[in-house]
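Let's take a walk through this one, ring by ring. Have the viewer open as you read.

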Amino acid sequence: MRCIAFFVLFIFASSINLTVLHAETPEEKGLSIAMEAERRNDGFGDFTAEMVMVLKNRHGLESTREIRIKTLEVPGDGDKSISVFDNPRDVKGTAFLTFSHKVGDDDQWLYLPALKRVKRISSSNKSGSFMGSEFAYEDIASQEVEKYTYKYIRDEVCDGRDCFVIEQYPIHPKSGYTRQVVWLDKAEYRPFRIDYYDRKDSLLKTLTFKGYKQYLGRYWRASEMYMLNHQTGKSTRLLWKDYKFRTGLKERDFNKNALKRAR
Amino acid sequence: MKRNLFLKGVAVATLFLISLSTPVIRQVQAGEWSGYIAAEARIFLHAPGLPEQENHSTSVSFKPEYYHEWVNGARSFTFTPYLRLDSADRERSHFDIRELFYLMVYENYEVGIGVRKVFWGVTESQHLVDIVNQTDLVDAFDEEEKLGQPMINVSVPGEWGILDLFILPYFRERTFQGKEGRLRLPLVVDTDQAVYESSAGEYHTDLALRWSHYIGDWELAVSHFRGTGREPTLLAGTNPEGEPVLVPFYEQINQTGVEAQKIWGEWLWKLEAIVRSGQGDTYGAWTGGFEYTFIGIGGTMMDLGVLGEWSHDTRGDEATTPFENDLMFGLRLTANDIASTEALAGIVQDMDTTARSIYIESSRRFGDHLKVIVEARTFLDLPRDDRFYAISNDDFIQLDLAYYF
């Protein structure tokens with residue numbers, strides 16, 4: 001009997017515990033959504049991909065950049081990556097090596113092929129434009145849970161799916177944003193839309209994700225990302241192709257020597 | 001003569017490498033070509049100070065690059081010839097092999113064999129530590145262009161940084177402006193009469209070693225070079241016609257260099273220093289300074305960089321470079337626009353005299369393939385006893401139009 005009494009008590013205690021969990025604050029719920037999104041992306045190992053970046057100004061004038069990307073997942077820290085330009089031709093071979101970190105500034109190097117020079121560059125430039133595009137450096141940097149604080153806002157339908165809407169607040173003081181509003185689908189925790197609010201808290205940009213494809217039966221990647229700057233009317237479209245996962249990349253494929261021969 | 005010998009050697013090496021790679025090429029896709037062809041117009045603002053010199057020059061340059069790789073880039077072949085034809089200066093019309101090498105990448109090291117270009121250093125106003133490749137002075141007055149250097153390079157990356165060993169079996173002579181060329185010393189440097197301290201001449205095998213690493217926000221490197229100095233001492237001589245000329249003398253030197261750069265938010269702090277022995281008395285020289293970047297100035301996408309560097313040479317007035325005690329201050333504007341518009345304005349002030357130089361460089365892309373570069377440079381208040389006094393008349397504006405493919 002006593003055993004049963006204990007058992008009942010245990011169930012009771014557990015249910016209290018559960019009630020506490022269910023009464024989580026919007027901040028806790030926001031964080032747990034972000035963590036679940038990251039968890040679902042864990043373990044991809046490495047990938048390579050090609051990206052076409054189409055820049056468009058207010059008058060509709062277009063310019064294209066072609067970039068190849070290699071990324072290595074680093075357990076317990078941010079990813080390592082190399083991005084190499086193929087187009088425009090005058091910057092062909094120009095490449096970036098980034099060691100991103102969950103906490104603190106990323107380490108970043110730039111390779112200039114005409115001079116054969118590797119330059120360590122400051123990564124405190126968060127809000128600056130990446131190669132003239134509407135993407136800031138912080139938008140294309142490895143997205144780590146630790147880089148923001150969170151708040152769950154509401155549920156809403158996005159892109160015809162049930163979605164969470166959360167806000168994330170950059171921790172880095174040099175970020176160009178006060179907040180980002182993110183729409184993620186409940187089924188797969190994939191972002192479908194991000195609204196970026198500038199330092200004055202006015203809507204600056206909207207990023208939309210399209211054409212999700214699943215790789216290795218687990219990892220979702222969008223094949224199109226469209227960033228519209230509401231304040232200038234300029235836009236940048238990223239078209240992703242040729243995703244390959246677990247290609248066998250190693251740490252040694254991400255150092256200054258590898259950067260110089262990345263081409 | 002020597003140049004011909006070098007080119008013959010290079011031609012043999014090319015045939016050898018191509019014959020090596022041909023059977024493999026057939027098995028996979030062909031390699032790729034890229035590069036540029038450019039036209040340049042240079043207008044000098046003052047009448048020449050020397051009788052043979054011209055008022056303006058036009059030139060074309062062509063730099064194609066062939067690249068082919070196998071085994072996912074673990075083996076690769078690169079060939080980059082370079083040609084410039086100049087209307088005014090016969091010496092400036094020249095051909096060079098900038099690169100011609102085979103690269104083998106193994107699990108824990110890589111080996112490059114052939115003609116290559118490497119860069120060492122962190123500062124902007126001059127490159128004290130950078131010694132492996134010879135300066136192609138006739139090609140670019142600012143010493144930013146280099147000649148291809150034959151080498152065997154073994155590079156070992158590890159947790160402790162990257163260690164590079166260079167075996168340099170053949171020496172490349174510095175190029176100098178010819179009789180008709182502007183931006184030169186009053187006497188022509190007669191490169192045909194080059195003399196060497198080493199009895200092996202240009203076949204002396206030079207050695208270089210460099211360790212580089214990064215620790216947090218620090219970027220560090222230490223290097224040592226032993227062999228034929230890249231920067232000749234210029235001696236008084238006469239050419240076969242009996243006219244006075246300068247004769248380049250290449251000493252055997254030892255040079256130890258250090259490089260350091262610290263990132264501190266938007267600040268970059270930089271230092272390069274060398275100690276060189278074998279060229280006159282042992283001396284030291286250093287360049288140190290900063291670069292600060294204002295991001296998104298005035299709410300625009302534009303960045304503005306402010307650069308300041310101070311160079312010092314313990315030889316003082318005896319220094320063979322123009323940087324014996326000089327301050328450089330510059331502004332770099334990066335528009336971050338579709339056309340990648342950039343502009344750099346700078347002033348170099350001699351701290352011991354009134355001499356200074358002001359320059360502006362700006363570039364912009366048009367469409368996907370064309371790039372326009374404008375450069376202007378003026379030399380002000382050089383004292384008559386300055387060894388570079390002759391360039392006082394050589395203020396110029398230069399326009400480059402390059403097509404990249």
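What follows covers the aromatic pairs, charges over rings, the disulfide and a surface patch.

First, the ground rules: this is a predicted model, where local features need pLDDT of at least 70 and side-chain atom pairs count only at pLDDT 80 or more, while totals for chains, interfaces and linings use all residues. Residues are numbered from 1 along each chain as its sequence is written, chains are lettered from A and ligands numbered from 1 in the order in which they are written, and side-chain values use heavy atoms, with hydrogens and water left out.

Start with the rings. Over all chains there are 42 aromatic pairs; Phe, Tyr and Trp rings (the six-membered one for Trp) pair if their centres lie within 6.5 Å, and planes under 30 degrees apart count as stacked, over 60 as edge-to-face and the rest as tilted. One of the pairs is F44(A) with F47(A), tilted at 55 degrees between the planes and 5.7 Å centre to centre. F44(A) is buried, since its relative accessibility is 3% (buried means under 20% relative accessible area, exposed over 50%, partly exposed in between, with a 1.4 Å probe and protein chains only). F47(A) is buried too, at 9%.

Another tilted pair is F164(A) and Y189(A), with 5.5 Å between centres and 45 degrees between planes. This pair links distant parts of the chain, 25 residues apart: F164(A) belongs to strand β8 (residues 161–170) of chain A, and Y189(A) to the loop between β9 (177–185) and β10 (191–198). Strands here are DSSP runs of E, at least two residues, numbered from the N terminus.

Back at F44(A): ring pairs join it and F47(A) with Y215(A), Y219(A), W240(A), Y243(A) and F245(A) in a cluster. R221(A) lies over the face of F44(A), 5.6 Å from the ring centre. For a charge to sit over a ring, NZ of Lys or CZ of Arg must be within 6 Å of the ring centre and within 35 degrees of the ring normal.

Now the sulfurs. C158(A) and C163(A) are joined by a disulfide, S to S 2.0 Å (cysteine sulfur atoms within 2.5 Å). The link is left-handed, with -65 degrees about the S-S bond.

Finally, look at strand β21 of chain B, where L401(B) is found. L401(B) counts as partly exposed because its relative accessibility is 42%.

Technical notes: Helix = DSSP H or I, 4+ residues; strand = E, 2+ residues; numbered from the N terminus.
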